[in-house]
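Subject: Structure handover

Hello,

I am passing on the structure we spoke about, with notes on what was found in it. Please look it over first and then read on.

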Amino acid sequence: MKVTTCSEFTLLDEDGGNGNVISVESIQASVRKNIVRQYIYIRKLKKMTQADVAKEAGFSRTNITRFESGEYNPTLEMMVKIAAALDVNLELRLVGKNI
């Protein structure tokens, strides 16, 4: 893998030629959107409000609102605390596309 800029990287084909250029920002946005979708689903399933999660996790409700709206890119620490507040496990996995 060859980093071409701060916001893009190029995957190299097996023969060493350039493959697809992937925008890091688009990957981050997609991952963040999926995480928020899962979080909101679990929060509502557990009948918790944003204020409930904020109190349990030790954050302000404003930070939870910003996280849910996609305005805030959560740290791993924040995700661990939110998972604990929801009483769920947090998993981070790297999944191969064509391995």
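This is a predicted model: local features need pLDDT of at least 70, side-chain atom pairs count only at pLDDT 80 or more; totals for chains, interfaces and linings use all residues.

Ile82 has a relative accessible area of 2%. Because buried means under 20%, Ile82 counts as buried. Leaving aside residues up to four places away in sequence, Ile82 touches Tyr39, Val53, Ala57, Phe59, Ile64 and Phe67. Ile82 can also be placed relative to Arg43: the two are 39 residues apart in sequence, and their C-alpha atoms are 9.8 Å apart in space.

Ile82 also takes part in two helix contacts, one between H2 and H4 and one between H3 and H4.

Helices H2 and H4

Helix H2 covers residues 50-57 and helix H4 covers residues 76-86. They pack at an angle of about 115°, and their axes are 8 Å apart. Angles of 65 to 115 degrees count as roughly perpendicular, so H2 and H4 are described as roughly perpendicular to each other. Their crossing is right-handed. On the H2 side the contact is made by Val53, Glu56 and Ala57, and on the H4 side by Lys81, Ile82, Ala85 and Leu86. Sorted by class, this contact of H2 with H4 has 5 nonpolar and 2 charged residues, with no polar ones.

Helices H3 and H4

Helix H3 spans residues 61-69. The axes of H3 and H4 come within 13 Å and cross at roughly 105°. H3 and H4 are therefore also roughly perpendicular to each other. Asn63, Ile64 and Phe67 of H3 make the contact with Met78, Met79 and Ile82 of H4. The residues in this contact of H3 with H4 divide into 5 nonpolar and 1 polar, with no charged ones.

The protein as a whole

How many helices and strands does the protein have? The secondary structure comes to 4 helices and 3 strands. Read from the N terminus, the elements run β-β-β-α-α-α-α.

The protein has 99 residues, and buried residues make up 21% of them. Among contacts with a separation of 6 or more, 33% are between residues 24 or more positions apart. The accessible surface comes to about 7,600 Å², and carbon and sulfur atoms account for 52% of that surface.

Regards

Terms used:
Residues are numbered from 1 along each chain as its sequence is written. Side-chain values use heavy atoms; hydrogens and water are left out. Axes are lines fitted to C-alpha atoms, for helices over the stretch in contact, and angles run from 0 to 180 degrees between N-to-C directions. Angles under 35 degrees count as roughly parallel, over 145 as roughly antiparallel, 65 to 115 as roughly perpendicular and the rest as oblique. A crossing is left-handed if the near helix is turned anticlockwise from the far one by less than a right angle, and right-handed if clockwise. Contact means heavy atoms within 4.5 Å. Ala, Val, Leu, Ile, Met, Phe, Trp, Tyr, Cys and Pro count as nonpolar, Asp, Glu, Lys and Arg as charged, and the others, Gly among them, as polar. Buried means under 20% relative accessible area, exposed over 50%, partly exposed in between (1.4 Å probe, protein chains only). Accessible areas come from the Shrake-Rupley method with a 1.4 Å probe; for residues, only the protein chains shown count as cover.
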